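Reader: I'm new to reading protein structures. Could you walk me through one, a few spots at a time?

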Amino acid sequence: MVKPKTEEEIELLRQNAIIVSKTLAEVGKAVAPGVTTKELNRVAETFIRDNGAIPSFLGFEGFPAAICASVNDVVVHGFPSDYVLKEGDIVTADIGTLYKGYNGDSAYTFPVGEVDAKTRMLLDVTKASLYKGIEAAVAGNRTGDIGYAVQQYVESFGFSVVRDLEGHGIGKEMHENPGVPNFGHRGRGTHLVDGMTICIEPMINAGGRGVYLDRNGWAVHTSDHSKSAHYELTVVVRKGKAEQLSTFDYIEKDGKINF
């Protein structure tokens with residue numbers, strides 16, 4: 001049984017979630033052809049520290065940066081580097097904070113300039129699948145209901161769900177129970193109870209679902225080198241409808257990037 005959070009704890013998680021949400025928007029403003037992923041990391045770390053928080057990814061189990069910057073076929077955990085973004089690339093910024101003893105965690109996949117139609121669809125479907133998962137994150141359901149909602153939506157468009165990685169609980173620790181897979185069967189998995197705080201984060205490939213680990217021990221690539229998208233929000237399980245703590249509203253207006 002996963003212990004639900006108190007309303008006081010949820011408020012601290014909300015404060016983290018807002019810092020992360022605003023940080024993602026600052027990173028998004030910097031995404032453009034000719035910009036390095038190392039520069040995106042600098043923007044994020046500066047903004048996080050300027051807002052009184054700590055970049056929780058930096059140094060986590062040896063991770064060398066404040067954000068994960070995953071380009072094209074990198075699903076998650078890409079190192080910021082001197083790689084120069086090109087027109088048509090996609091880059092996922094996954095960002096974490098530590099503030100007042102609690103954690104924030106959210107991710108968004110940005111197009112770099114104009115992208116082709118299949119890539120645009122990959123981004124749209126992946127993000128929409130996240131909201132399908134959030135709709136299922138209500139008290140009385142199980143984690144399998146979330147995974148089922150994501151999987152059924154994604155596969156109806158011919159895309160693939162990464163099965164080696166999943167979402168997670170969040171609180172004083174960055175990663176807490178329960179695990180939140182993006183595939184599964186309704187009525188299976190951990191019971192969802194009011195006040196449980198989780199990160200739902202579909203990781204979806206344009207090609208097959210297979211992945212492999214980079215020699216650096218961190219970056220996860222698609223096995224067929226197809227592009228991969230990743231969106232993540234923190235929510236509170238509630239009765240009837242989940243409550244979002246993090247948001248893409250600072251990035252988007254009417255569902256479209258507003259920079």
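Reader: Let's begin with S228. Is S228 buried or exposed?

Author: S228 sits in strand β13, which covers residues 228-230. Its relative accessible area is 1%. A residue counts as buried when that value is under 20%, so S228 is buried.

Reader: On to helix α4. How far apart are its end C-alpha atoms, and why does that agree with what the helix should span?

Author: Helix α4 runs over residues 143-155, so it has 13 residues. The expected span is 1.5 Å times one less than the number of residues, and for α4 that comes to 18 Å. The prediction agrees, because the end C-alpha atoms of α4 are apart by 18 Å.

Reader: What covers the buried residues of α4?

Author: The buried residues of α4 include T143, I146, A149, V150 and V154. Their cover includes another helix, α3 (117-135). Strands are part of the cover too, namely β6, β8, β9 and β10.

Reader: What is the bridge partner of G167 in β8?

Author: Strand β7 covers residues 167-169. β7 and β8 run antiparallel and are joined by 2 bridges. In β8, the partner of G167 is V180.

Reader: Last stop, D105. Is D105 buried or exposed?

Author: You'll find D105 in strand β5, residues 102-111. Its relative accessible area is 3%. With the cut-off for buried at under 20%, D105 is therefore buried.

Reader: What separates the C-alpha atoms of D105 and E232?

Author: D105 touches several residues, including F57, H168, H175 and E232. With H168 the side chain of D105 makes a polar contact, at 3.1 Å. As for E232, it lies 127 residues from D105 along the chain, yet their C-alpha atoms are separated by 7.7 Å.

Key
Residues are numbered from 1 along each chain as its sequence is written. This is a predicted model: local features need pLDDT of at least 70, side-chain atom pairs count only at pLDDT 80 or more; totals for chains, interfaces and linings use all residues. Side-chain values use heavy atoms; hydrogens and water are left out. Helices (H or I, at least four residues) and strands (E, at least two) are DSSP runs, numbered from the N terminus. Buried means under 20% relative accessible area, exposed over 50%, partly exposed in between (1.4 Å probe, protein chains only). Contact means heavy atoms within 4.5 Å. Two strands pair if DSSP finds at least two bridges between them. A polar contact is a pair of N or O atoms within 3.5 Å; within protein, one must be able to donate a hydrogen and the other to accept it, and residues adjacent in sequence count only if both atoms are side-chain atoms. Lists of a residue's contacts leave out its neighbours within four places in sequence.
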